[in-house]
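Good morning, colleagues. Please take a moment with the sequence and the model before I go through the elements in turn.

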Amino acid sequence: MTVKAVERLSDKHVLLRLTDEKPLPAMRPGQFVEVRVDGSPATFLRRPISINFVDREANELWLMVAMVGDGTRRLGSLQAGDVLNCVLPLGNGFLAASEAVLPAPLRKALLVGGGVGVAPLLYLGATLKSQGVEVTFLLGGRSRKDVLELDLFNKYGRVCVTTEDGTLGEQGFVTNHSVLAEPFDRLFTCGPTPMMKAVARYAKEAGVGCEASLENMMACGLGACLCCVEKTTEGNLCVCKDGPVFDVRQLLW
């Protein structure tokens, strides 16, 4: 794919807007891309990156990259016109956004994300809104600089924010936000594992269905290397092939 634009979201995050001369394939919220990193002698394996958004009119795929190592820093240094080798789409996405008929009832959905885990929730929120669902985003970060793409999230639903230092929104963790006092038909979450476990506990106590997008370390993206295995009620499953999205009732949390 060709890099159409690179936008800096923070000092640690960039948004890659990719395009191709052919129409992009069908992609569901929650699926991901395995990206080859060229020009980095220390990076041998592809990097798995969540699909942040798909703009069909512009034929663009958006990837949010957190620059935390040699490989992702190399991706962050790409410029418009560069070519990126991608394998996509991979994995299974969020069930509710992939079904022609939504699970009933699904009128109000809460999408909870932390850090770079907010990435797949933008495309999910846009898809749910197009299906007539009332979307609320609950986004968390350590400080205001860690809460990304707020202007875009606001296009698709109500946005609630928590920051640990109180510089934006309510102070604390996402599971402390006052919006959780409201009723929702279904929860969706992606982010650090402790956060997702806390969201899953809240969903269980509230009697609400919840889907979580896991961020286990993935190498092949195809279920061959087995480095991303997660213990579930159905035995050991590969997050890359059987997930990355799971109903939290499947997880041994």
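Predicted model: local features only at pLDDT ≥ 70, side-chain atom pairs only at ≥ 80, totals over all residues.

Helix H3, residues 119–130, has 10 of its 12 residues buried, so this helix is largely enclosed by the rest of the structure. By buried I mean under 20% relative accessible area, with exposed over 50% and partly exposed in between, for a 1.4 Å probe and protein chains only. Helices (H or I, at least four residues) and strands (E, at least two) are DSSP runs, numbered from the N terminus. The buried residues of H3 are Ala119, Pro120, Leu121, Leu122, Tyr123, Leu124, Gly125, Ala126, Thr127 and Leu128. After H3 comes Gly132, with a positive phi near 90°.

Residues are numbered from 1 along each chain as its sequence is written, and side-chain values use heavy atoms, with hydrogens and water left out.

I turn to the aromatic residues. A pair of aromatic rings is described by the distance of the centres and the angle of the planes. Rings of Phe, Tyr and Trp (its six-membered ring) pair if their centres lie within 6.5 Å; planes under 30 degrees apart count as stacked, over 60 as edge-to-face and the rest as tilted. The structure holds 5 aromatic pairs. In one of them, Phe137 and Phe153, the ring centres are 4.8 Å apart and the planes stand at 70°, so this pair is edge-to-face. Phe137 belongs to strand E8 (residues 134–141) and Phe153 to helix H4 (residues 150–153), so the pair ties together parts that are 16 residues apart in sequence. Phe137 and Phe153 are both buried. Tyr123, listed above among the buried residues of H3, also belongs to a cluster that ring pairs form with Phe53, Trp62 and Tyr156.

The charged end of Lys108 sits over the ring of Phe184, 5.2 Å from the ring centre; the criterion is NZ of Lys or CZ of Arg within 6 Å of the ring centre and within 35 degrees of the ring normal.

Between E8 and H4 there is a loop that contains Glu149. Is Glu149 buried or exposed? At 6% relative accessibility, Glu149 counts as buried. Its phi is near 60°, a positive value in a residue other than glycine. Leu226, in the loop between E12 and strand E13 (229–232), likewise is a residue other than glycine with a positive phi, near 65°.

The loop between E12 and E13 also holds Leu214, which is buried, with a relative accessible area of 5%. What does Leu214 touch, not counting residues up to four places away in sequence? Its contacts (heavy atoms within 4.5 Å) are Met196, Glu230, Val239, Pro244, Phe246, Leu251 and Trp253.

Finally, the spaces within the model. On a 1 Å grid over the protein atoms alone, a cavity is a set of points where a 1.4 Å probe fits but cannot get out, and a pocket is an open set with protein on both sides within 12 Å along at least five of seven lines; lining residues have an atom within 4 Å of a point. Grid points are joined across faces, edges and corners, and a volume is the space filled by probe spheres set on the points.

The structure holds 1 cavity of 30 Å³ or more. Its lining consists of Leu110, Val112, Leu138, Val174, Thr175, Leu180, Leu187 and Val199. By class, that lining has 7 nonpolar residues, 1 polar and no charged, where Ala, Val, Leu, Ile, Met, Phe, Trp, Tyr, Cys and Pro count as nonpolar, Asp, Glu, Lys and Arg as charged, and the others, Gly among them, as polar.

The second largest pocket has a volume of about 260 Å³. Of its 13 lining residues, Ala200, Arg201, Lys204, Val248 and Arg249 lie nearest the centre. Helix H5 (193–206) supplies the largest share, 5 residues. The lining of this pocket comprises 7 nonpolar, 1 polar and 5 charged residues.
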